[in-house]
Amino acid sequence: MNVKAKAKKSIPASRQREVPGQDLKWIGQNMKRVEDPRLLVGEGEYADDIALANMLHAAVLASPHAHARIISIDVSKALALPGVHAVMTGEEVAKVTGPLPCFGSPPVEQRCVALGKVRHVGEPVAIVAADSRYIAEDAVGLIEVEYEQLPVVADLREAVHAKGAAVLHPERGDNNIALQRSFKFGTVDEDFANAKTIVKRTLRWPRSGAQPLETCGAVADFNRGSGKFTVHCNTSMYNYVGWLWAVSLNVPAHKLNIVPTMAGGSFGSKLFLHKVPIIAATLARKTGRPVKYLEDRLENLSSCDHHGSDRYYECELALDADNNMTALKCDVIDDYGAYFQFGIGHHGNALSQITGPYKIRSVEANITAVLTNKCQQGAYRGFGSEVSNFVLERMVDAACDELNLDRLAFRRQNFIKKAEFPYFIPTGNLYDSGDYEAVMDKAVGMLDLEGWRKKQAEALKEGRYIGIGLATCQERSVFSSTEFWSLNNVPGFTLTSSAEGVSVKLDALGNAVVKLQAPFWGNSPETMAVQILAEQLQLAPSAISVAYADTDSGLSGTGPGGSRYTVMIAGALVGASKIIRNKLFLLAGHLLQAGKDKLELRDGKVMVKGTEQGMSIADIAMQAHFFRLSFPDEPEFDTGLDANYTYDHPLTTLPSDDRTDLGIFYPIMGHMCHMPVIEVDIETGKITFLDYVAVHDCGTIVNPMTLAGHVRGGTAQGVGTALYEQYDYDEQGQFRSGSYADYLMPKVMEVPPNVRVGHVETPSPFTEYGIKGGGEGGRMGTPPALAGAIEDALRPLGVRIDALPVTPSKLRGLIRQAQAK
Amino acid sequence: MKTSVSLKINGKSYQDDVEPRTLLSDFIRHHAGLKGTHVGCEHGVCGACTVMIDGKTARSCLAFAVQCQDHDITTVESLGTQEELSPLQQGFWEKHGLQCGYCTSGMLMLATELLEHNPTPTRDEIREAISGNLCRCTGYQTIIDSIARAVEIKAGTALEAAE
Amino acid sequence: MKPSPFEYVRATSVADAVKALAAHGDRAKLLAGGQSLIPMMNFRMVAPEVLIDIGNIPGLDEITIGDGSVQIGAGARHNVVMASDVVRQHCPLLADAYSHVAHFTIRNRGTIGGNICHHDPASEVPLVLTLLGASLVLAGPKGNRTVPADTFFLGMMETAIAEDEMLVRIDVPFQPAGEGWSFHEMSVRKGDYAIVCAAVRLTVKDGAFHDVRVGFNGAGTETKRMAGVEQALEGKPATDATIAAAVKVAVDLSDPSDDVQADAAYKRDLLSALGRRALEQARARASN
């Protein structure tokens, strides 16, 4: 496939302006974050820190049922409670506010307050605005609702066959299938027919979620005079698709200004909030007063619209006589819950790196997305490709076990080699660059694999079970928006832009203000912007400040997601800096009587090359802002020193019409090798970490310290997914994870005490400086590494890990079964 | 029915008429206007809202403001300023002990309590001390590094003072 | 997630609190450390109309030595009990169990009395107090009465305390010198609610187990102590075989149920593993 594809397909020329390997001053430094001082003293401005005069507080009556028709709602007692200003049912809301934005195609209708029936526990049934959240909750308790229960669909495999009253959205047809489609990429039938070995596994990935410590929140104000909404919210993507809120609110987009707040974590789960801000805005319009709606933790757990992937896989992996992997087949059912906000994008994501770092030449993917009576899926660190990493690495380990092959050597044999990039994978996506052997070799060296193998053997003699895991996974970065729709049967809105803008202004004193189009949500956007702009304009970092544009003033900005943000703002800043630099050189050239091409930037000054003659940027800026008559009467000398620049995706192409080729949509390819060492207490199923090495290749590194932060933080979340976390629903769709005593995330005692992070830098030939994304970090690789480590530890017992999370109870169950054999 | 509650927070008195059910966390944030204390779960598991009551860490979502009359409350605002970070805050900055910053105030309170009892803790003691609080960003390791770094900074400061 | 409204009463003495209880009847609930009560109120699982704050009663948190016992005021905070030299010296089983109780910050505020009266079935302290033969002193309108731990702890979240009574003191007899003891627990994460706890006290005389007390949380049995297990050990040779047999009895007597974090089979496995570990450790600690 690859050779043929290369012949047929051309790779767009690189638009890279700043090549890798330059002698850099600020990029590559462990710079302390510029965001931190205000956060450390408690002055970060999060959603709940917004307080407007006369502000009311919202609370939500949540459905106690998984699936039920709403027969009647009596709000009279709630309305009569002193301090209550509005109570709105779904019917009342629907008169003024339309359905929520949905990227699925055809869309699945979702309302911010359920209309006619409820489809999951926790879904809003009525909303209240009151003087305080306390009173609002009192009012919620006084609302009386009569329900007629409907059959519940809580099992993803049963959902495939549901009919009649068990159908969640009958207007879409008499079934609960949100989308079903089969794809064949390359000669998959032939490769399976010719296979020497076919490895089969059934694998289960659990429903977990981001659970940032700050929930979703919004403060909405409606100005009756201007008819305009102002909504402060901890969402992202407002400068991309924020106008869709205006559509829901039935106002033109210019009648809505979205103002970002800092987010206390997101990990994807605040990607594009809709329910929370629309509830706040609907109540603000109703009451004529600002309204704050901040989810409480129960609401976030049960109704955040951002549960993670929940998948059942039946997989087959074909190998030839030389143990080369040739083809992969995955039948997957994905439980999307009750709605379909992001459509099938998660599987597009998976298909961007479905064959991992290996030369697998054909792929069959049969995808069934089902609707069930659960909170819907949204985004969580990996957006579905972390699942395919788990699946592929499990299949690779399974192949090694069945053929009695060394897990390292087998991977090495099947890796795409350094010289083979750029490399098309069967789905049509391109991997820009990589050096997978270097990453694995570095990890093996850092771990002291031989030493641990010896300790493992010694321990086993004492009845202790030590295991060493290995995962070599892709970390695709910089999504193109085609992934949102390319898998749809009905393409829908076939957007192709996923840009990132930036505004840069040098003020009269020569200090720079950068305006970003997306929020802080726990990443380091200000630090990244400062390091990159300092490099571009040779300014001191202390001369740069960063602000966040609202939608009234914002440029196009897709925001963080899919590990794209650093790459994209680097592109935007390089573009904006070029404009600023040109103007600086134009003005300085005139003032210094030197040709533009004779000038260079050096330590905050414009200097004539090869001389000590020059002018400070501050002096030029002062001239630019206040001394127009110092310059010729030509338009390019006009007052000001600023630039807007919008950077588009560096490398993307359209899918083919028949979808045998999805195009290039996620090409900036990172890689990682994770090697945990664990010990299993076989009596209690308790797992203890003895060591952990994580080597990542994210191309040119802007800040090794913050990148390592993503790696370690992602690893901890990966530990959670692998060993602890699950949103648990019983067969009646009742939610059993409604508190942090039930939804168990790792605390410090549950994570490796020392995740030793290594970096390999294989720069991208397509991005500025060769930067690749790295934000999704360890969660992309930790789950398969841990599954492998557990199997390795329990090899003497023959335990196999096919499902996560491997809780102590479940692991002990597997050990018990193995011991009974 | 509202009642007058007056609390001493970081040595300063804050009075307001509030319902007895007003959680300490809400009083600190919305009545005293001290926004550094964050609310994460409101059922005492995440620890983001950790403050000190009479010098001992407590979860401010698990106390009523009215209970705390006549008791001393300490919050993150009692530590340093942006211009002059405390050694703990400096340690967190240098060692990347925070990402989103939401759990940070609680972690700083735990670390403050630890270092009061045990000025030179081992890494395991630091781990134990922060073991009740959730951080979803860092994986905790750099929080331990940060507290260890603060111990070094304090020692250095003490050294400077002695010189 | 905010509590329902309530009337707040701050008690200044035990008599004051008992009087308030009598005045408000079942509308009222005592508020001590609040570490179990307030989360339930925030979820509106409970909504007392009156809260009687006993957190400021002078002397209610004192720990003193009585006649062969440690007398712990009901208002003593967990961390104070845990760190108390008196408790560590005379009731090491209690101090040991405390290392599994929640987290430091919760223990700063939670009180031993509140923990006991709440009586969560997974809670460590009621189990060890039962094994230690503690007595609970209750104050009521008619004066004080003392109830042995054995009969104080009833079913899940139920105790023998009457609506108009308040726990004021816990008397914990000294563990005799030479006694072996142990406490083992498994929870999913450190500080979480226990799935299973095993607690043991015993002595070893002439190579045999004596004075055996064994109890579990998470076994699904009516009582915390398991008489059948104690009988399987009492007077028997202090051997691994005896321990294995006793642990098997514990598993046979148990009737655990499935829950979200752990299935019944797992709990039985834990009873077996933790029971054995606790008995082995207690045997090793006992002086021969």
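## Two interfaces of chain C

Chain A and chain C bury about 2,400 Å² between them, and carbon and sulfur atoms give 56% of it. Buried area is the accessible area (1.4 Å probe) that two parts lose on being put together, summed over both. In chain A, the residues that lose the most area to chain C are A:Glu683, A:Leu744 and A:Ser809, together 23% of what that side buries.

This is a predicted model, where local features need pLDDT of at least 70, side-chain atom pairs count only at pLDDT 80 or more, and totals for chains, interfaces and linings use all residues. Residues are numbered from 1 along each chain as its sequence is written, chains are lettered from A and ligands numbered from 1 in the order in which they are written, and side-chain values use heavy atoms, with hydrogens and water left out.

**Chain A against chain C**

Contact means heavy atoms within 4.5 Å. By that rule, 28 residues of chain A touch 26 residues of chain C. Seven salt bridges are counted between the two chains. Each is a side-chain nitrogen of Lys or Arg within 4 Å of a carboxyl oxygen of Asp or Glu. C:Arg44 and A:Asp138 form a salt bridge at 2.7 Å, N to O.

**Inside chain C**

Chain C is divided into domain 1 (7-53), domain 2 (63-173) and domain 3 (180-285). The bounds come from an automatic or database domain assignment. The C-alpha centres of domain 1 and domain 2 of chain C lie 19 Å apart. Their contact takes 11 residues from domain 1 and 14 residues from domain 2. About 1,000 Å² is buried between these domains of chain C, with 76% from carbon and sulfur atoms. On the domain 1 side, C:Val18, C:Leu21 and C:Gln35 lose the most area to domain 2, together 41% of what that side buries.

How many salt bridges does the rule find across the interface of domain 1 and domain 2 of chain C? It finds zero. On the side of domain 1 that touches domain 2, the residues divide into seven nonpolar, three polar and one charged. Here Ala, Val, Leu, Ile, Met, Phe, Trp, Tyr, Cys and Pro count as nonpolar, Asp, Glu, Lys and Arg as charged, and the others, Gly among them, as polar.

**The two interfaces in brief**

| Interface | Buried area | Carbon and sulfur share |
|---|---|---|
| Chain A and chain C | about 2,400 Å² | 56% |
| Domain 1 and domain 2 of chain C | about 1,000 Å² | 76% |
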